[in-house]
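Please open the model in a viewer and keep the selection tool at hand.

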Amino acid sequence: MNLYYTVLTLHSYIRWFLLLFIILGFCFCLYNTIFYKKYNIYNKQITYITTFFAHLQLSLGFGLYLFSDIVRQFYTNPFEMIKLSEIRFFAVEHPLTIFFAILLLSFFNSKIKKEKCNYKKNKMVVISNAIVLILLCISIPWGFSNYVSR
């Protein structure tokens, strides 16, 4: 088994941890927002762990992107390959959407750190995690999609 497939497998497993912590952060902060609870140390830790997994996933994804045969095939003739949905998904749609989602997550996390009001912190985590979760769910190649046959 070569390194590419090892990193690809790791990339596939880490997405579950990332999704888990995004959902946990969303649920805890939604609870805090509804019941006017403080943004506490647990929320902060979940936010840090989410950011860690997001950046780890992004780093692994960049490595996969650089060495992927699908991406290499796309760049041989991009104007023709853009018409093929599987190649377009892995060469353009998936990386750009994921990059944008993690960029938004990082942007909101920097805003959350600077915010003084606990209610606003919780509300920002709920909003940011909801947006990021939607973007990730749209862009992840799920087992039932046509794109996982690679």
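A polar contact is a pair of N or O atoms within 3.5 Å; this term will be needed at a later stop. The structure shown is a predicted model.

Begin by colouring the protein chain by pLDDT, the predictor's confidence in each residue on a scale from 0 to 100. The average for the chain is 92, and 96% of the residues score at least 70. Confidence is highest in helix α2, at a mean of 95, and lowest in helix α3 (residues 69-76), at 90.

One cavity of 30 Å³ or more is counted, and the largest cavity holds about 50 Å³ of space. To display its lining, select Gly25, Ile46, Thr47, Thr50, Leu105, Asn109, Ile112, Val125, Ser128 and Asn129. Four of these lining residues are nonpolar and six are polar, while no charged residue is present. Now highlight the helices α2 (41-67), α5 (85-114) and α6 (118-139): each contributes at least two residues to the lining.

From the lining, select Thr47, which belongs to helix α2. Is Thr47 buried or exposed? Its relative accessibility is 12%, and because buried means under 20%, Thr47 counts as buried.

Remain at Thr47 and show the side chain. The side chain of Thr47 reaches the backbone oxygen of Asn43 at 2.8 Å, which falls within the 3.5 Å limit for a polar contact.

Finally, display the surroundings of Thr47. Leaving aside residues up to four places away in sequence, Thr47 touches Tyr39, Asn109 and Val125.

Terms used. Residues are numbered from 1 along each chain as its sequence is written. This is a predicted model: local features need pLDDT of at least 70, side-chain atom pairs count only at pLDDT 80 or more; totals for chains, interfaces and linings use all residues. Side-chain values use heavy atoms; hydrogens and water are left out. On a 1 Å grid over the protein atoms alone, a cavity is a set of points where a 1.4 Å probe fits but cannot get out, and a pocket is an open set with protein on both sides within 12 Å along at least five of seven lines; lining residues have an atom within 4 Å of a point. Grid points are joined across faces, edges and corners, and a volume is the space filled by probe spheres set on the points. Helices (H or I, at least four residues) and strands (E, at least two) are DSSP runs, numbered from the N terminus. Ala, Val, Leu, Ile, Met, Phe, Trp, Tyr, Cys and Pro count as nonpolar, Asp, Glu, Lys and Arg as charged, and the others, Gly among them, as polar. Buried means under 20% relative accessible area, exposed over 50%, partly exposed in between (1.4 Å probe, protein chains only). A polar contact is a pair of N or O atoms within 3.5 Å; within protein, one must be able to donate a hydrogen and the other to accept it, and residues adjacent in sequence count only if both atoms are side-chain atoms. Contact means heavy atoms within 4.5 Å.
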